[in-house]
Amino acid sequence: MFIRGQWTPSSNCEQTTAVMNPSTGQIIGRTPVGSPQDVDDAVHAASEALPTWAETPVVERARVMFAYRQLMEKEFDALARLLTREHGKTHAEARAEVQRGLEMVEFACSVPALIGGQTFPQIARGVDGETNRHPVGVCVGITPYNFPNMVPLWMFPIAITCGNTFILKPSEKVPLSAIRLVELLAEAGLPDGVMNLVHGGKEVVDALLTHDDVAAVSFVGSTKIAKYVYEVGSSHGKRVQAAGGAKNHLIIMPDADLDQSVKALAASAFGCAGQRCMAGSVAVAVGRVGDSLIEGLVDHAGSINVDVTDGNDAAEMGPVISREHRDRVASYLDIAKTSGASVVLDGRSVEAGDSFLLGPSVVDQVTIDMPLWKEEVFGPLLSVVRADSLEHAIAVGKACPYGNGASIFTQSGHAAREFKRHFNAGMIGVNVGVPAPMAWLPFTGWNQSFFGDLHIQGTEGVHFYTRQKMTLTRWFESKDESHVDPVWNSVGPTGSST
């Protein structure tokens, strides 16, 4: 645990969780399983540091982020290598993740320009109005295994620069990147207690969600847990943003550039081994494009170099996070066959050895009553649904309970416009395989993909980590001036006094 600027043993030293290298199947570390006592210690540390940090000028808080950015730039490749080792991403994917996280730090450096309020001079006779943004208090981030570097950086740089203190609870499967991020933040000059880190499972999460001194909780994970975090956290008076799972649809129209579409679909479905909430997991082939699309997908996905990634920069797709997860994803191929779908590319043919490798899979003739369409697989498996028309494809999307992202591949402006206006998702792409927003835009999941009001990233992130205060000010010219309330006593539209 990192508490009050010090690495501190867990109060529950005997219990740990193994950290695995997905490329080798070997244990490379152990994560301590924390307790409510550890949470209480971290919250107290954050609470003690809050008054001084909140009163620190925002420009000075931003300077810490500028220093942090420089350290991340210096450590860029080392951060990527560490990420590959504990998660299994290819080196190129790991570098891309670190870059996206670095962009969030850069965005946090701009908080001084975003945290200002509004002024309304002479809003009533002799009265000026203004709004200002203030920190919310002790904030918590609970992050998943699939982006050990980027997702924590969605949260704490903005929260801290806005004047809050923070407690990070990373996934116990991938703690090493989070630990290094915290070490660099301390090196950047952040005062003790402003950033804290705890490890653990459900007991630790529950302690964070119910602690009286926690003001806000950010979460990314499965829909089931996101809903739980939102309900428990909000019922205990916390401000909560909880991003859940997804079933992102990619619509391919008959007029689409097929070669470009196939490449984009493969990158979306099989990038990061399909372990991302913006992965394109359902391709909706409209009309005559279906057979050609399947042929192109099988040829292209079948040629992807699937290999171990730790120490191997040539791999184009790496392993999934664990042996259990690999077996779970693979089981959907058997389910697909018994459901009446057609497995046209089976990723189980890849030689795995001791690693957690699973190759790309493509399943055709999937329908919306099948588990493969209904459930989030979260692996390198692309389902193909056939549709008669754009209206039919949009109806397929509207039937989906999730709503993270969706894309259309077409050369028709009309089709793109109809899709943008009517598809049931918060992040839309046109000829873009993964319509994930950059740091300056909100991560706007809909439906069962998000619980809360203010989204992660962008100015919504700034608003989530701040709260507004409105002030009315009146200065009397002399002691003889009337003390009648100028706001509630004014001349109405008819000329009468109100």
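Predicted model: local features only at pLDDT ≥ 70, side-chain atom pairs only at ≥ 80, totals over all residues.

Reader: How do I read a helix pair, and at what angle do the axes of H3 and H7 cross?

Author: Two packed helices are described by the angle between their axes and the distance between the axes. Helices (H or I, at least four residues) and strands (E, at least two) are DSSP runs, numbered from the N terminus. Axes are lines fitted to C-alpha atoms, for helices over the stretch in contact, and angles run from 0 to 180 degrees between N-to-C directions. Here, the axes of H3 (residues 76-87) and H7 (residues 175-187) come within 8 Å and cross at roughly 155°. H3 and H7 are therefore roughly antiparallel to each other (under 35 degrees is roughly parallel, over 145 roughly antiparallel, 65 to 115 roughly perpendicular, the rest oblique).

Reader: Which residues of H3 and H7 make the contact?

Author: Contact means heavy atoms within 4.5 Å. H3 brings Leu79, Leu82, Leu83 and Glu86, while H7 brings Pro175, Leu176, Ser177, Arg180, Leu181 and Leu184. By class, that contact has seven nonpolar, one polar and two charged residues (Ala, Val, Leu, Ile, Met, Phe, Trp, Tyr, Cys and Pro count as nonpolar, Asp, Glu, Lys and Arg as charged, and the others, Gly among them, as polar).

Reader: And what about H8 and H9: at what angle do their axes cross?

Author: The axes of H8 (residues 202-210) and H9 (residues 223-235) cross at roughly 40° and come within 8 Å. That makes H8 oblique to H9. From H8, Lys202, Asp206, Leu209 and Thr210 meet Tyr228, Val229, Val232 and Gly233 of H9. The contact of H8 with H9 divides into four nonpolar, two polar and two charged residues.

Reader: Next, cores. Which residues touch the most other members of the largest nonpolar core?

Author: In soluble globular proteins, nonpolar side chains tend to be buried together. A nonpolar core is a set of buried Ala, Val, Leu, Ile, Met, Phe, Trp, Tyr and Cys residues joined through side-chain atoms within 4.5 Å. Buried means under 20% relative accessible area, exposed over 50%, partly exposed in between (1.4 Å probe, protein chains only). The largest core has 62 residues, and Tyr68, Met72, Ile160 and Phe166 touch the most other members. Its largest share, nine residues, comes from helix H6 (residues 150-161). A second, separate core of 33 residues includes Met253, Leu333, Leu358 and Ala406.

Reader: Where does asparagine 132 lie, and which residues does asparagine 132 touch?

Author: Asparagine 132 lies in strand E6 (residues 127-135). Leaving out residues up to four places away in sequence, asparagine 132 touches Gly117, Arg467, Gln468 and Lys469. Asparagine 132 and arginine 467 are 335 residues apart in sequence, yet 8.2 Å apart in space, C-alpha to C-alpha. At 29% relative accessibility, asparagine 132 counts as partly exposed.

Reader: Last one, backbone angles. What is phi of arginine 4 near?

Author: Phi of arginine 4 is near 55°, a positive value in a residue other than glycine. Arginine 4 is in the loop between strand E1 (2-3) and strand E2 (6-7).

How values were computed:
Residues numbered from 1 in each chain as written. Heavy atoms only, no water.
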